[in-house]
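Let's take a walk through a protein model together. Have a look at the sequence and the fold, and then we'll go through a few spots one by one.

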Amino acid sequence: MNHSTIRTPEEVKAEFRRKGLSIAAWARQRGYSEALARMILNGDRSPQRGMSHAIAVDLGLKRGDVVSDDRIAEAI
């Protein structure tokens, strides 16, 4: 998902509620850990690297690129 503006966790949660979607279903659909997605949204985990980073970028909580495991060597 590509977001032009950074959203707050509260804005993301409100969007889930508006659309009647669960965080768990969103995470499962994208192959993310449900618990980790909740931790990112609740501010219990800093999204610096790996899956935490990818979740935050996909939710629009931070800017960045998500690099798949098979492309790590080419990322820099």
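In which helix is H53 found? H53 belongs to helix α4, residues 50–59. Before going on, a quick word on the model: it is predicted, so local features need pLDDT of at least 70 and side-chain atom pairs count only at pLDDT 80 or more, while totals for chains, interfaces and linings use all residues. Residues are numbered from 1 along each chain as its sequence is written, and side-chain values use heavy atoms, with hydrogens and water left out. As for the helix names, helices are DSSP runs (H or I, at least four residues) numbered from the N terminus.

Back to H53. H53 counts as buried because its relative accessibility is 16%; buried means under 20% relative accessible area and exposed over 50%, with partly exposed in between (1.4 Å probe, protein chains only). A polar atom of the H53 side chain sits 2.8 Å from the backbone oxygen of D65. If you skip neighbours within four places in sequence, H53 is in contact (heavy atoms within 4.5 Å) with P47, Q48, K62, G64 and D65.

Now find R7, in the segment before α1 (9–19). R7 also counts as buried, because its relative accessibility is 15%. The R7 side chain reaches the backbone oxygen of L59 at 2.5 Å. Leaving out neighbours within four places in sequence, the contacts of R7 are V12, E15, L59, G60 and L61.

Next comes helix α2, residues 23–30, whose buried residues are A24, W26 and A27. Looking down the axis of α2, these buried residues fall within an arc of 165° (taken from the directions from the helix axis to the C-beta atoms), so they line one face of the helix. The face turned away from that buried side carries the exposed residues R28 and Q29. Among the elements covering the buried residues of α2 are α1, α3 (34–42) and α4. Just after α2, G31 takes a positive phi of about 80°.

How do α2 and α3 meet? Their axes come within 8 Å and cross at roughly 120°; axes are lines fitted to C-alpha atoms, for helices over the stretch in contact, and angles run from 0 to 180 degrees between N-to-C directions. On the α2 side, the contact is made by I23, A24, W26, A27 and R28, and on the α3 side by E34, A37, R38 and L41.

Notes. Helices (H or I, at least four residues) and strands (E, at least two) are DSSP runs, numbered from the N terminus. A polar contact is a pair of N or O atoms within 3.5 Å; within protein, one must be able to donate a hydrogen and the other to accept it, and residues adjacent in sequence count only if both atoms are side-chain atoms.
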